[in-house]
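Open the model in your viewer and follow the stops below. Each one says what to select and what is there.

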There are 2 protein chains.
Amino acid sequence: MRADDLILVSVDDHVVEPPDVFAQHLAPEWQSRAPRVAHKADGSDVWLFNGEQIVNVGLNAVVGRPPEEYGMEPTSFAQMRRGCWDVHERIRDMNANGVLASMCFPSFPGLCGALFLRQADKELARVMLQAYNDWHVDEWCGAYPGRFIPLALPPLWDPKLLADEVRRLARKGCHAISFSEAPQELGLPSLHDPHWDPFWTACSDEGTVICVHIGSGSGMKFTSMEAPVDVMITVTPIYSVTFAADLLWSRVLKQFPRIRFALSEGGIGWIPYFLERADYVHRHHHTWTHQDFAGKLPSEVWREHVVTCFIDDAVGLRNRHALGLETITWECDYPHSDTTWPNSPEALARSVAGIADGEVNAITHENALRIFRLDAFRHRPREKCTAAALRAEAVGVDLAPKSQLGGKPPVAGEGRPVTTQDILSQLASVYATVPE
Amino acid sequence: MRADDLILVSVDDHVVEPPDVFAQHLAPEWQSRAPRVAHKADGSDVWLFNGEQIVNVGLNAVVGRPPEEYGMEPTSFAQMRRGCWDVHERIRDMNANGVLASMCFPSFPGLCGALFLRQADKELARVMLQAYNDWHVDEWCGAYPGRFIPLALPPLWDPKLLADEVRRLARKGCHAISFSEAPQELGLPSLHDPHWDPFWTACSDEGTVICVHIGSGSGMKFTSMEAPVDVMITVTPIYSVTFAADLLWSRVLKQFPRIRFALSEGGIGWIPYFLERADYVHRHHHTWTHQDFAGKLPSEVWREHVVTCFIDDAVGLRNRHALGLETITWECDYPHSDTTWPNSPEALARSVAGIADGEVNAITHENALRIFRLDAFRHRPREKCTAAALRAEAVGVDLAPKSQLGGKPPVAGEGRPVTTQDILSQLASVYATVPE
């Protein structure tokens, strides 16, 4: 299929929250306790909440910046492309990249809302999390009906409240919720614990997909302080194999037959191997480990329950039938450093060359729209949804890389390879100063 | 290719050390301090060394046992198939499985000899490790020339001694040495540290392949105590992606152009994805991370330096050219629970169906013989090396599964799924009693 004819729905992008997230959806008595943005003398902007500073990380908002200037430094809104946090500019950037619809993970609360989880005052946490969800669904996604797939943040500390939030948001049309790939690393019971059953039940009942993003356990994993940072960047997606295995062998998929999980930013190229491995382990070991998939193979049960996505993954696409064509979706990862913006249609067209149009359409948008229940074509006729049609609407969007916006290099000059230690030192710098 | 016509060289099997390892290669004054086998009242055999008990783990010696009776319990020699530890019976079992040659990793010293590393008395450690290596090369491999690829254990605590051991063993015809996938988890510098340069130099000079087995860091990784044990079994091979990434982005491959590493038991199906991911990361990030592959792609440099292997991996074989055909070898994993013994030729023939004979030969034996420098056909004419020819020599080898040899189930009866906690409890049981 030609790049122009692709219809693109991205199931993993990120919103950098604008300063007014908590303006519309909090009762007046809570306003003074809401997270707020502060500008610091070092030039960065941070969120302040209950005595804690939370930084916007460079690499998480580098779209439109020359790669030479990528880094992990704390950034300010002024250093970001406006589409990171302004929904109107986001839509223009989506149009310029030919992207019809987008699901946006949060930034400052953490990928599964760990900021709210770690508050001692759980009533404060609940109020702010629900205000965040209302902002996300009503303001961010609500501004352009049909252009966003809403994604809820979970109140992880209380399974009953979590189930209630799933049901509350489903009534508002939200059928996706973020969850941790390793709740045990956040001090919570693992997914094997019946503790979570009210949550699984609510998601099954409401058709809400549980989205598990890479890095949503206790964060990025590093091998050593002197390892090149490229090690962490390379392995982070494939590390979702840990959650994948935990999920596949758990009681959850067996006892909640309608439940559905999405591996967000996990890539797809390793999954055919993983499924073959799981089936091999089942054949070799089930008689002593007592696993019972009711006559099915683990790989079959997987395909009934798990949605995958990829940015640019030719190997995975070549092996799409071993994965399960009906389980594959696509992501753009705007505005993170791995994004293919603003050339996603061209990058994707190269990867799907030779694949039949019907299969390409399943992968690029049909699976995502069906699984996440977005009726995009009700809002916009299908022929206006192609990459070329959307790009035709992107009048005056400046796509030229913007230099000198930020990007303090972790290592000065041409320098030696950047290490774990270098980027952790950059990140730590935010805590060295207090807001004005 | 038909199963009968395969020529099989396995680059990852395991020897369960017989009690007489230290009988022939120690000076008399060291004999009393050598590791020795003791029989315990609970029926298990353990090695005793310098006040420490080391157990033979059930799953690591279950070949020939019905899978229903697999487990992680401590075992005795009497509970194992004799081919685990008796080289004459091992050869008969190799013949019965049509396997021409085998590289055997150690059992009680740990996959990379961590037992010796953790001794405070480094002179004791050196003497015992060298005696072990001499036994392995001269007795185990020496008993049947052309049938084993010798593999050295490394004195990890001293890079100079390590380099000397590489050179000493190369003179004895040994061109493979085990190493840790995460030396930093063993309290040593990471592979990024110039600390290891004398070792890399010696291996480059001698053409010695550095073999990095799964689980050779700080051991198996578990997600939680209540996770089914199948989670750990499934993910352990693919976790070698961590070492793979550490190695690929390190200075080692760039600065030691002739060095070669083997990913032992890592599987191959995930590697085409990994290489594509590495190239993507390089394209997107090298201008700020300062990685420099001298005009090559990371995947190209990988193929020059890294050898992979698989047990049964149809996905990997389908994508063999994305991996690099010249880098792929095969393994049997005898006597561990994942082995395909005694049906390896049939299992492999299914996976290579449709692949040209020349490619099959590269994968099944030519790559391994070339890379590990074993001139097997000097000892035995090629036509006598096929699976069918070797099996014809295996007169009277009883292949029937042997029940009731050991295999205390981790969970009684039909039971619930076996968890991490269950198998760790089994393992811990060995420390509850002292030897007779």
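Start with the interface. Select the 67 residues of chain A that are in contact with 67 residues of chain B; contact means heavy atoms within 4.5 Å. About 5,700 Å² is buried between chain A and chain B, 59% of it from carbon and sulfur atoms. Buried area is the accessible area (1.4 Å probe) that two parts lose on being put together, summed over both. Now pick A:Tyr273, A:Trp288 and A:His290: in chain A they lose the most area to chain B, together 14% of what that side buries.

A word on conventions. This is a predicted model, in which local features need pLDDT of at least 70 and side-chain atom pairs count only at pLDDT 80 or more, while totals for chains, interfaces and linings use all residues. Residues are numbered from 1 along each chain as its sequence is written, chains are lettered from A and ligands numbered from 1 in the order in which they are written, and side-chain values use heavy atoms, with hydrogens and water left out.

Next, select A:Asp338 and B:Arg277. They form a salt bridge, with the closest N and O atoms 2.8 Å apart. The rule (a side-chain nitrogen of Lys or Arg within 4 Å of a carboxyl oxygen of Asp or Glu) finds two salt bridges across the interface of chain A and chain B.

Helices H7 (229-235), H8 (240-249), H10 (271-289) and H12 (314-318) of chain A each supply at least two residues of the side that touches chain B. Which helix gives the most to that side? H10(A) does, with 14 residues.

Look down the symmetry axis. A rotation of 180 degrees, with 0.0 Å of shift along its axis, superposes chain A on chain B (RMSD 0.0 Å). Copies are superposed by least squares on the C-alpha atoms of residues with pLDDT of at least 70 in both. That is the relation of a two-fold axis. In chain A, the C-alpha nearest the axis belongs to A:Trp270, 2.3 Å from it.

Finish with the backbone. A cis peptide bond joins A:Tyr334 and A:Pro335, with omega about 0 degrees. A:Pro335 is in the loop between strand S11 (328-330) and helix H14 (344-351) of chain A; a strand is a DSSP run of E, at least two residues. Then go to A:Glu265, not a glycine, yet with a positive phi of about 70 degrees.

Key: Helices (H or I, at least four residues) and strands (E, at least two) are DSSP runs, numbered from the N terminus.
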